[in-house]
Amino acid sequence: PYVADPEAYDFYKDAVPPPRIGADDLQGEFYNWWRTDRAIADVPASACQRARAAYWALVHRLDEMIGRVLEALEDIGAMDDTLIVYTSDHGDHLGERGLWWKHTFFEESAKVPLIMRLPGTLPAGEERDQVVNPVDVSQTMLDAMGLVPLPGADGRSFWSLAQDGTGDWPNETYCEYCTDPVPSWTGGRAVQQRMIRSGDWKLCIFDAEPPLLFNLADDPAELCNQANDPACSDIVSDLSAKLFDGWSDDAIAGRMRDRRCEKDLMAAWAERVRPKQQYVWRFPSNANLLESEG
């Protein structure tokens with residue numbers, strides 16, 4: 001559900017804590033620009049609390065729905081021989097750093113949960129420190145079932161890593177955020193941004209603004225940008241080389257132009273043909289702008 005259940009909302013409305021990281025601690029020129037452009041530079045405390053409570057309520061309801069799936073497995077006697085994988089899409093800042101929605105490489109946005117359960121095969125209660133990516137999950141599930149890797153797919157299996165922490169694993173992953181200037185939530189600005197997480201280090205590269213470099217072991221809240229620290233120059237150089245290996249700004253821009261043409265063509269077709277639609281999520285252009293509470 002994308003609208004909080006009133007009962008769950010009432011449960012959380014006075015219980016959810018405020019953001020831990022304030023806007024004064026926000027790192028990155030692009031993100032500071034985006035706060036201003038999206039009119040979220042001065043969100044009232046009451047609006048922040050309402051949004052956070054509603055999000056907690058949504059998670060609460062999702063937990064209940066997952067519980068129904070697990071109960072069904074229990075009822076048919078399949079709970080202990082079923083591989084259960086729980087993961088999700090991107091996170092939501094929910095006011096942390098004075099930010100909302102996603103669109104960033106901070107942990108609140110880019111980090112996602114991954115929990116796996118298969119008694120007798122996966123040890124219970126253990127954690128893994130290695131960095132994996134959701135793109136690896138499908139290949140891992142195929143490996144767990146003894147099937148061949150999916151041809152032509154990105155990602156690799158971390159099944160042995162999940163089982164006992166062994167196996168040859170690169171312990172790094174990539175993110176990218178590219179958009180043309182057409183969608184209203186971009187502020188009319190096309191960007192090509194990318195990030196690499198390698199071990200404890202995370203490097204974020206922007207189009208025109210200075211980069212961000214964090215050591216998540218020493219600085220898990222990402223408050224200290226070390227990109228200009230001379231002691232980290234080799235780290236910046238090495239990670240930048242990986243980020244730009246095989247990356248062509250012109251090629252990416254060309255693909256984005258092609259996709260924009262395809263999207264415009266589809267929109268024009270839908271406007272003219274008006275095909276029957278059962279479920280439509282209305283998304284007005286001002287949905288990513290905070291309206292005044294009056």
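Guide: Helices (H or I, at least four residues) and strands (E, at least two) are DSSP runs, numbered from the N terminus. Two strands pair if DSSP finds at least two bridges between them. This is a predicted model, where local features need pLDDT of at least 70, side-chain atom pairs count only at pLDDT 80 or more, and totals for chains, interfaces and linings use all residues. Residues are numbered from 1 along each chain as its sequence is written, and side-chain values use heavy atoms, with hydrogens and water left out.

Visitor: How many residues lie between strand 5 and strand 6 in their hairpin?

Guide: Strand 5 covers residues 201–205 and pairs with strand 6 in the antiparallel sense, over 4 bridges. Leucine 203 stands opposite leucine 213 in strand 6. The two strands form a hairpin, and the residues between them number 6.

Visitor: Which residues of strand 6 point the other way from Leu212 and Phe214?

Guide: First, a term: buried means under 20% relative accessible area, exposed over 50%, partly exposed in between (1.4 Å probe, protein chains only). Leu212, Leu213, Phe214 and Asn215 are all buried. Leu212 and Phe214 point one way from strand 6, and the other way point Leu213 and Asn215.

Visitor: Is serine 109 buried or exposed?

Guide: Serine 109 sits in helix 4 (residues 107–110). Contact means heavy atoms within 4.5 Å. Leaving aside neighbours within four places in sequence, serine 109 is in contact with His90, Gly91, His93, Lys102, His103 and Thr104. Its relative accessible area is 4%, so serine 109 is buried.

Visitor: What is the phi of histidine 103?

Guide: Histidine 103 is found in the loop between strand 1 and helix 4. Most residues other than glycine have a negative phi. Histidine 103 has a positive value in a residue other than glycine, near 65°.

Visitor: Where is tryptophan 101?

Guide: Tryptophan 101 also has a positive phi, near 65°, in a residue other than glycine. Its place is in the loop between strand 1 and helix 4.

Visitor: Which elements do the buried residues of helix 5 pack against?

Guide: Helix 5 covers residues 137–144, and Val137, Gln139, Thr140 and Leu142 are buried there. Just after helix 5, glycine 146 takes a positive phi of about 75°. The buried residues of helix 5 pack against strand 1 (84–87), strand 2 (114–117) and helix 6 (159–164).
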